[in-house]
Amino acid sequence: MIKDIIFDLGGVLLDIDLPYCMRSVQALGVDFSAMSAQTSSSLAETQGTKPAVMGEGIVANGALHLYQIGEISTEDFLSGIHRLCRPGTTRQQVIDAWNTCCIGIPSYRLEKIQQLRQQGYRISMLSNTNDAHWQDIVSRCFGGQHIVNQLFDHVFLSQEMHLAKPNDDIYLKVLEDLQAKAEECLFIDDSTPNVEAAAALGFHTIHADVSKTREGIVVAPPQSDWTTLIDDMLK
């Protein structure tokens, strides 16, 4: 019997466009291969962990990985990008470009979460994210921390846990903190490695389809949205 529902953020609740974000930062003159090379020995290599998955087919390497798991501060990360930009680039341009991936959260998804809460399910979020994105998402996409608190019983962020999906440790830590069993949890994510890792540990899973985007704009909703699949899963 499923008691806990655990949502990924980007691609599941939040519409995102990671390629557009990468292009926006590169348009400032940044070479992402050079940016990753800033960290000569990433945490993934030193601890034998897998790099944080940012989205389907996109992983965070080097400095990006370290920022996703909170091992680099926002100040240091943004400064690192800024140093790689063309002369004359402002700090605000860097921040704006970095946050272009965060498009918005359709209201029907939040309404579905509220419905699930009313049905008695405990609702959590488990996201590979970083401080700059999270602050923007909370204020601009959710409408404030108070809304996040109303929707979720628990919020698990890679940057605070110093762990990242699809590594087993992050799922096991979530189970420990929830005092839950994997077979009583439904995990929803848009990334194949993240879903497969959770399923291998015994979670029920939904591999979410994502919205189609172009240049930071949603041009088509998911062909098969998790909001239309979840009720059958919970029967």
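## Helix α6

In this predicted model, the cover over the buried residues of helix α6 includes α1 (18–26), α4 (62–68), α5 (74–84) and α8. Helix α6 spans residues 91–98, and its buried residues are Val94, Ala97 and Trp98. Viewed down the axis of α6, these buried residues fall within an arc of 95 degrees, so they line one face of the helix. An α-helix has 3.6 residues a turn, so residues three or four places apart point the same way.

## Helix α7

Helix α7 takes in residues 107–118, 12 residues in total. From its first C-alpha to its last, α7 reaches 17 Å, close to the 16 Å expected at 1.5 Å a residue. After α7 comes Gly120, which has a positive phi near 100 degrees.

Which residues of α7 are buried? They are Arg109, Leu110, Lys112, Ile113 and Leu116. Down the axis of α7, the buried residues fall within an arc of 155 degrees, so they too line one face of their helix. The elements they pack against are the strands β1 (4–7), β2 (15–16) and β6 (122–127), together with the helices α8 (131–142), α9 (145–151) and α13 (226–234).

## The chain as a whole

The protein chain holds 13 helices and 11 strands. Of its 235 residues, 52% are buried. Among contacts between residues at least 6 apart in sequence, 69% join residues at least 24 apart.

The accessible surface of the chain comes to about 10,600 Å². Carbon and sulfur atoms account for 49% of that surface.

Key
Residues are numbered from 1 along each chain as its sequence is written. This is a predicted model: local features need pLDDT of at least 70, side-chain atom pairs count only at pLDDT 80 or more; totals for chains, interfaces and linings use all residues. Side-chain values use heavy atoms; hydrogens and water are left out. Helices (H or I, at least four residues) and strands (E, at least two) are DSSP runs, numbered from the N terminus. The expected span of a helix is 1.5 Å times one less than its number of residues. Buried means under 20% relative accessible area, exposed over 50%, partly exposed in between (1.4 Å probe, protein chains only). The arc is that of the directions from the helix axis to the C-beta atoms. Contact means heavy atoms within 4.5 Å. Accessible areas come from the Shrake-Rupley method with a 1.4 Å probe; for residues, only the protein chains shown count as cover.
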